[in-house]
Amino acid sequence: MGIFRKLIDSEYKELKRFEKIADEIMSLEPEIQALTDEELKNKTLELKERLSNGETLDDIIEEAYAVIREADYRVIGEKPFYVQILGGLAIHYGNIAEMKTGEGKTLTETLPAYLNALTGDGVHIVTVNEFLAKRDSEWMGNVFRFLGLTVGLNLREMSPKEKQEAYACDVLYSTNSEIGFDYLRDNMVVQASERVQRPLNFCIVDEVDSILIDEARTPLIISGGKSNTKDLYLDANQAVQGFKENEDYAYDAKTKSTSLMEQGVSKIESHFHLKNLYDLDNSALVHHINQALKANYAFKKDVDYVVDNNQVIIVDQFTGRLMQGRQFSEGLHQAIEAKENVKINEETRTMATITFQNLFRMYKKLSGMTGTAKTEEEEFRNIYNMYVIQIPTNKPVIREDLPDLLYSNEQGKYQAIVKTIKEIHGSGQPILVGTISVEANEYLGSY
């Protein structure tokens with residue numbers, strides 16, 4: 001079976017190839033350890049010069065990884081383990097390194113980031129939120145600065161000038177959304193000098209399955225060109241009040257879509273004194289009615305959005321965080337504002353849009369890390385041409401993975417959760433309980 005596996009398993013063959021390179025890197029450790037801080041820093045200039053003289057990244061990979069390993073240890077007191085070197089190699093070669101939780105993905109990413117930054121074309125390290133981007137730029141960023149590389153941080157509130165400086169750095173920490181919006185804005189500028197981004201070179205995506213699979217089709221939209229249709233939103237909201245599911249409208253929970261049924265159409269026509277709702281002259285009204293239906297019966301307060309200081313704020317369905325300054329598109333946000341009886345902002349038209357899937361495929365080289373990617377390997381391979389390499393753990397796993405527990409109803413599930421929480425808390429062990437929404441948090445907290 002071992003011989004058979006060697007012949008057909010590409011992941012096995014890749015890992016064996018990485019192990020040979022990793023052995024070479026480890027063998028350089030005594031030589032690199034003997035260097036002074038100044039000599040270690042000068043290695044960056046030496047490696048850059050070798051690249052400029054015609055050598056490739058593969059020619060210098062062993063020495064570069066040995067240098068950054070030693071720098072990690074001297075600056076933050078942590079030296080990547082052998083398995084983290086394997087993970088760093090998987091990432092460098094455009095794969096996804098699947099590493100178990102706690103195996104040190106953040107430290108692992110310093111290896112391929114340093115190597116690829118030596119070309120001067122820029123490396124983007126993408127995280128799911130600005131807190132992690134800021135933390136990593138200060139924490140791991142100090143290692144890159146020690147070795148003479150520049151480190152940038154891309155935040156939403158930064159000016160175009162500040163963003164230009166950040167993108168010009170050797171290593172840039174950012175969120176996926178901000179890179180997407182910067183790309184859209186760059187394609188709307190009048191002069192090329194106003195662009196903030198350089199050509200997209202190499203990207204390392206943290207929690208790659210969340211960004212490239214779960215949010216792949218999420219559109220990033222820049223809006224403009226205001227139109228004032230406030231009264232129509234209020235009228236449409238009033239018209240759909242009291243509608244009943246499967247009588248006046250149909251609802252698909254999976255796609256969060258709603259549509260009028262025959263009885264609902266009759267009620268709308270009666271409310272607005274119309275002969276035919278679907279007459280061409282009523283197309284604007286039909287759009288507002290559809291958005292009012294969706295706002296009232298598909299989108300839930302404290303789940304999809306919250307109302308704070310007389311404003312509707314979107315809740316990110318993947319992270320549970322509030323998305324300040326963002327709006328639902330195509331008038332849905334205004335329909336929700338009418339539903340919640342808060343100030344209705346002026347509707348805007350879509351000026352530019354792109355999905356994460358199309359955005360990240362523009363990178364010259366794309367890679368990532370996560371703890372759970374093997375189940376989506378086929379999608380990664382077909383869409384992004386990326387393979388998932390399962391990296392072994394540094395020490396044998398002693399955690400016991402128990403089978404899932406299924407309950408016939410929600411109440412039984414929550415009672416079991418509370419019972420388990422009490423047992424664990426009673427033993428003095430800390431416990432973190434995560435839910436998918438604000439509403440679920442409050443519901444569980446009320447037990």
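## A predicted protein and one of its hairpins

Of the protein's 447 residues, 46% are buried (under 20% relative accessible area with a 1.4 Å probe, protein chains only; exposed is over 50%, partly exposed in between). This is a predicted model, in which local features need pLDDT of at least 70, side-chain atom pairs count only at pLDDT 80 or more, and totals for chains, interfaces and linings use all residues. Residues are numbered from 1 along each chain as its sequence is written, and side-chain values use heavy atoms, with hydrogens and water left out.

Here are some values for the whole protein.

| Property | Value |
|---|---|
| Box of the C-alpha atoms along the principal axes | roughly 85 × 60 × 45 Å |
| Distance between the centres of positive and negative side chains | 1 Å |

The protein has 21 helices and 14 strands. These are DSSP runs, with at least four residues (H or I) for a helix and at least two (E) for a strand, numbered from the N terminus.

Now to one hairpin. Strands E7 (residues 249-252) and E8 run antiparallel, joined by four bridges. Pairing takes at least two DSSP bridges between two strands. Asp252 stands opposite Ser257 in E8. Four residues lie between E7 and E8 in the hairpin. In the turn, Lys256 has a positive phi of about 55°.

Strand E8 covers residues 257-260. Thr258 and Leu260 form its covered face. Ser257 and Ser259 form the uncovered one.

Notes: Lys and Arg count as positive and Asp and Glu as negative; His and the chain ends are not counted. The place of a charge is taken as NZ of Lys, CZ of Arg, CG of Asp or CD of Glu.
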